[in-house]
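Welcome! Take a moment with the sequence and the 3D view below, and then we will walk through the structure topic by topic.

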Amino acid sequence: MAKTLTSRNGLDDGPDRKKPVSKKPNGQWAVDGKDPLNGNEEWKRADDGLNVRDRIINTYAREGFDSIEDHDLHGRFRWWGLYTQRKPGIDGGKTAMLSNEELEDRYFMLRVRIDGGQLSTEQLRVIGEISRDFARDTADVTDRQNLQLHWVQIEEVPEIWRRLAEVGLDTTEACGDVPRVILGSPVAGIARDELFDPTPVIRQIKERYIGDPAFSNLPRKYKTAITAHPSQDVIHEINDCAFVGVEHPELGLGFDLWVGGGLSTNPKFAERLGAFVTAEQAPEVWAGVTGIFRDYGYRRLRNRARMKFLLADWGPEKIREVLENEYLGYKLPDGPAAPVPQVSGDHIGIHEQKDGNYYIGAATTVGRVSGTTLIGLAELLESVGSSQLRTTVYQKFLLLDIPGDKVPAVVAGLGELGLTHEPSVFHRNTMACTGIEFCKLAIVETKNVAAEVIAELEQRLADIEEELPQKLTLHINGCPNSCARIQTADIGLKGQIITVDGERVPGYQVHLGGELADHTNGGTGQVGRTVRGLKVAQRDLADYVERLTRTFVAHRESRDQSFAAWAQEADEELLK
């Protein structure tokens, strides 16, 4: 019989899970008390990040950038979606050598929180106008369904917030050690094949808990995903808390609960708790899981202050036991796993809705758009009688409620805006983070490089276009933190400075064969592999991806074999 361990609160750690021996407390509030064990925890305890909003409006916006207190600027501002952006012209090789103050500009990135990716055309237009008026017409669709603007000055933030609030938008807890945006299926409420619409659950969590001081001081960031679409279209395996729609054979429709996923420099997929959660229970279950992270998460070391590390030490059995006994006060029934996805979750193309109208999934170029584009997109939708759209976790847009006879006009209009519902393989499947253009953590360029590589590959691989799979993902990240999900891409690129013929140049470490659960792999994801010494200079990136793609087509077992499956088993020489 497997040995079990008992934790300090008397709860079973589960079979074969060894509790690590630590000579120092981990900063778990429920175990060690609330005395702060590092500088971050000290300033968080001194003043809640939510409180800085008043200072921004009444002091900093009036007195300017130089008036901003250090812990507000480099800490609490994040609770309201604000980061200082990178000063232009600083070489990526200096990123790790310079202080935050030396790297930062006097301008901000502003992240607009878009829970479930759901937007009205009125909201989209307002964001576009804010971009045009205050952010030099910049706008990026993120891979967490948000919209980000750059070049924002502190003096303009109150007016930006006022405009957002008038249309029901905000930046509350868009960043920081808080519950970030709630990912949601972009086809919620409209798809013919969804189990049920999870939008009410997303809204209840947002309304009850986001901006609540009870959850505004977590050990670190906390990510949530919710879907009831069979494609599992919210990357649930790499979120701290996720709800995936299922049908229980006796209890009907509800969710399968997942906990503890995340990437960054230490990737770990979430695990099922084996519990069935009804839509009515979901908000309080979310609060319970989040409470566990708040109270038992590790705060002493920032690099271990994520839910995935608590899951690794406790196991799903103990997480569930604590959830039921300490936070819910009732047992959750066992539940089934979700069926294997049968269709793509990126929703690109033209699809019929359950009401007979159509939605159109349109690709951006690695999320980069503009305020002018957002305004144009709102006008395009309204010209055919639609008033809503969605963002996706793949840096894409979904345009909803398009009458059948208006689809051609919308398709044409998308083309004029630089968007397309029929992207090439690499246009469809390439993502990139913000990169060195604006991010203080970045080492290399990402978005502009990605756009150039896509254009090159479309020309170079035209002769084998018909032989390429629909899904061949290329994810480009400017640093090791994996905002662009490099470990779960067919080809994942981690930005770094490399040495080529004695010269230090921008380049990438290559990860190959990663994937999340989808219709091509039997619902089983995996982290990509690395090959010793396999790094590619930025200037050679298009050459490398072309060579690798042609090698894959020539050496795969059949046209049914995915790139990820091939890359995981291929001889290293074929991958170089």
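This is a predicted model: local features need pLDDT of at least 70, side-chain atom pairs count only at pLDDT 80 or more; totals for chains, interfaces and linings use all residues.

Residues are numbered from 1 along each chain as its sequence is written, and side-chain values use heavy atoms, with hydrogens and water left out.

**Around Glu69**
- Glu69 sits in the loop between α3 and α4 (70–74); helices (H or I, at least four residues) and strands (E, at least two) are DSSP runs, numbered from the N terminus.
- Not counting residues up to four places away in sequence, Glu69 touches Tyr60 and Arg76, where contact means heavy atoms within 4.5 Å.
- From Glu69 to Glu41 there are 28 residues in sequence and 17 Å in space, C-alpha to C-alpha.

**Two nonpolar cores**
- A nonpolar core is a set of buried Ala, Val, Leu, Ile, Met, Phe, Trp, Tyr and Cys residues joined through side-chain atoms within 4.5 Å.
- The largest nonpolar core has 53 residues, and those with the most contacts inside it include Ile56, Phe77 and Phe108.
- A second, separate core of 39 residues includes Ile210, Ala228, Leu257 and Ile319.
- In soluble globular proteins, nonpolar side chains tend to be buried together.
- Leaving aside neighbours within four places in sequence, Ile56 is in contact with Ala61, Phe77, Leu82, Ile154, Val157, Pro158 and Trp161.

**Helices α3 and α7**
- The axes of α3 (residues 52–63) and α7 (residues 157–166) come within 9 Å and cross at roughly 135 degrees; axes are lines fitted to C-alpha atoms, for helices over the stretch in contact, and angles run from 0 to 180 degrees between N-to-C directions.
- That angle makes α3 oblique to α7, since under 35 degrees counts as roughly parallel, over 145 as roughly antiparallel, 65 to 115 as roughly perpendicular and the rest as oblique.
- Where the two helices meet, Arg53, Ile56, Ile57 and Ala61 come from α3, and Val157, Pro158 and Trp161 from α7.

**The five-stranded sheet**
- Five strands form an open sheet in the order β3-β4-β7-β6-β15, with antiparallel pairing; two strands pair if DSSP finds at least two bridges between them.
- The edge strands, β3 (82–86) and β15 (368–370), each pair on one side only.
- From one strand to the next, the twist averages 35 degrees.
- Three bridges join β6 (residues 138–141) to β15, and Thr138 has Ser370 in β15 as its bridge partner.
- Helix α6 (residues 121–134) packs on the sheet, touching β4 (104–112), β6, β7 (147–152) and β15.
- Helix α11 (residues 371–383) also packs on the sheet, touching β6, β7 and β15, and its direction makes about 75 degrees with that of β15.

**Strand β7 and its partners**
- Six of the six residues of β7 are buried, so this strand is largely enclosed by the rest of the structure.
- Four bridges pair β4 with β7 in the antiparallel sense, and Phe108 has Val152 in β7 as its bridge partner.
- β6 and β7 form a hairpin with five residues between them, and Gln145 in the turn has a positive phi of about 70 degrees.

Definitions and conventions
Buried means under 20% relative accessible area, exposed over 50%, partly exposed in between (1.4 Å probe, protein chains only).
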